[in-house]
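Below is a set of questions and answers about one structure. Each answer sets a value against the definition behind the word.

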Amino acid sequence: MAGQVRLAVVVVSLGLLSCGDAGGGDHPLVEQRDSAGTLIVEALRPVWGDADPARWTIDPDPAVDLTVSGTGSDHEFYRVRGMALLSDGSVAVADGGSNEVRLYSDDGGFRGSAGGEGEGPGEFDMIRGLQRGRGDTLLALDRSDRVAAFAPDLTFVASSRLAPFSEAIYDLDDGTMVVETETMSLEIYEGGGLVRRPRVLWHFDPGDERIDSIGETAGTEEHVVVSGERQGQTGTLFGKSAQIATHGGKIYHGRANAMEVEERTAAGDLVRILRIRDFPLLLTAEQISAERTAMLGEESVSWWRDVVAQVPAPSTRPAYDDIISDPTGALWLRPFRGRSELEGPETWHVITTDGMWLGGVEIPENFRVMDIGMDAVLGVRRDELDVEHPQVLRLRRE
């Protein structure tokens, strides 16, 4: 609680700087303007300097490693589909290999599991994702378009049927959720090329199983090759993909065309656009060439070389490929990295609820972030034997 109070004071103080810097200079941190009834908040520069002692940091050594905090099958993981940090510090993990939701104490001790493979209540055909809902309820998505709700102690609560082709769920903090579904199309794209097929967003209330369409996402870019009445997909170079996050009943939709995020209501109405102005996204010829080589891989057959050579080269990279909201409502954006750029640590950028761009937080190399708390970051690291290690890293908000 003390950490939350300190952070609230920081955010309020930053709001006072929106028209000038800390020294009262003429360089504002953000600018706001109205565009056709939509508020646009543009961050002009980061709050943190390069050597700012207030910059948030993440300890690279794990505070908890669930693979080594115990023994036996309960500490063996395969295809982790999601992690969630509960209010008492315990950690929930959705394990794809066992189709289980597992619960661990704050020091990594195994507390129990739920689910398992099957078609019965609380069982999974293939678990696809995990979300923490209101009151630490755990929501697990199944491949069969069902969502199962579990109490914080993993007692099964209820199962609900979702719209067909459900890809992801996002909690809205009020017992309802946003469901993202794939759109199925038999349309033939004449001539082929880059195609961005949107996904549909639904507002779903498990209580009365009411579901309402609330719009679409920008979707994911695909490179379509057409031959007569047949068409196929070949992958893209620096392909853009829409991202979704939720917090406090709001939906954050990112198109990834620029370093900006749309804030929408639970009904899908656009309220604000949070943007980092002039974030560099231009691609060089060298970067395109390296990405094409990485896409080609070790495959040397002529037909694949021809396909890769025909994939269009974009002029800009996607701005990001993930959005996560933390308990304060701040948005963490992971800048996109192509196939040829995967080495080294990542630097996620943080935007506060009032549109301030705090700056970048470095994520250790080979760590896939799945949840962010007040003082912890949850994710999975793979070792040299490709063994998955669900870990808790310490987040220091100075």
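Q: What makes the face of α3 turned away from its buried side different in kind: which exposed residues does it carry?
A: That face carries Ala309 and Gln310, which are exposed. Exposed means over 50% relative accessible area, buried means under 20%, and partly exposed lies in between (1.4 Å probe, protein chains only). The model is predicted, so local features need pLDDT of at least 70 and side-chain atom pairs count only at pLDDT 80 or more, while totals for chains, interfaces and linings use all residues. Residues are numbered from 1 along each chain as its sequence is written, and side-chain values use heavy atoms, with hydrogens and water left out.

Q: Which residues of helix α3 are buried?
A: In α3, residues 302-310, they are Trp304, Val307 and Val308. Helices (H or I, at least four residues) and strands (E, at least two) are DSSP runs, numbered from the N terminus.

Q: Why are the buried residues of α3 said to line one face of the helix?
A: Seen down the axis of α3, they fall within an arc of 95°, so they line one face. The arc is that of the directions from the helix axis to the C-beta atoms. An α-helix has 3.6 residues a turn, so residues three or four places apart point the same way.

Q: What covers the buried residues of α3?
A: The cover includes α2 (285-296). Contact here means heavy atoms within 4.5 Å.

Q: Why is strand β10 called largely enclosed?
A: Five of the five residues of β10 (residues 138-142) are buried, so the rest of the structure largely encloses this strand. Leu138, Ala140 and Asp142 are buried on one side, and Leu139 and Leu141 on the other.

Q: How do you know that β9 and β10 pair?
A: Two strands pair if DSSP finds at least two bridges between them. Strand β9 (residues 127-132) and β10 have five bridges, in the antiparallel sense. Gly129 stands opposite Leu141 in β10.

Q: In which sense do β10 and β11 pair, parallel or antiparallel?
A: β10 and β11 (residues 146-150) pair in the antiparallel sense, over five bridges. The bridge partner of Leu138 in β11 is Phe150. β10 and β11 form a hairpin with three residues between them, and Asp145 in the turn has a positive phi of about 60°.

Q: Why does Gly112 count as buried?
A: Gly112 is at 17% relative accessibility, so it counts as buried. Gly112 is found in strand β8 (residues 110-115). Not counting residues up to four places away in sequence, Gly112 touches Val101, Arg102, Leu103 and Leu154.
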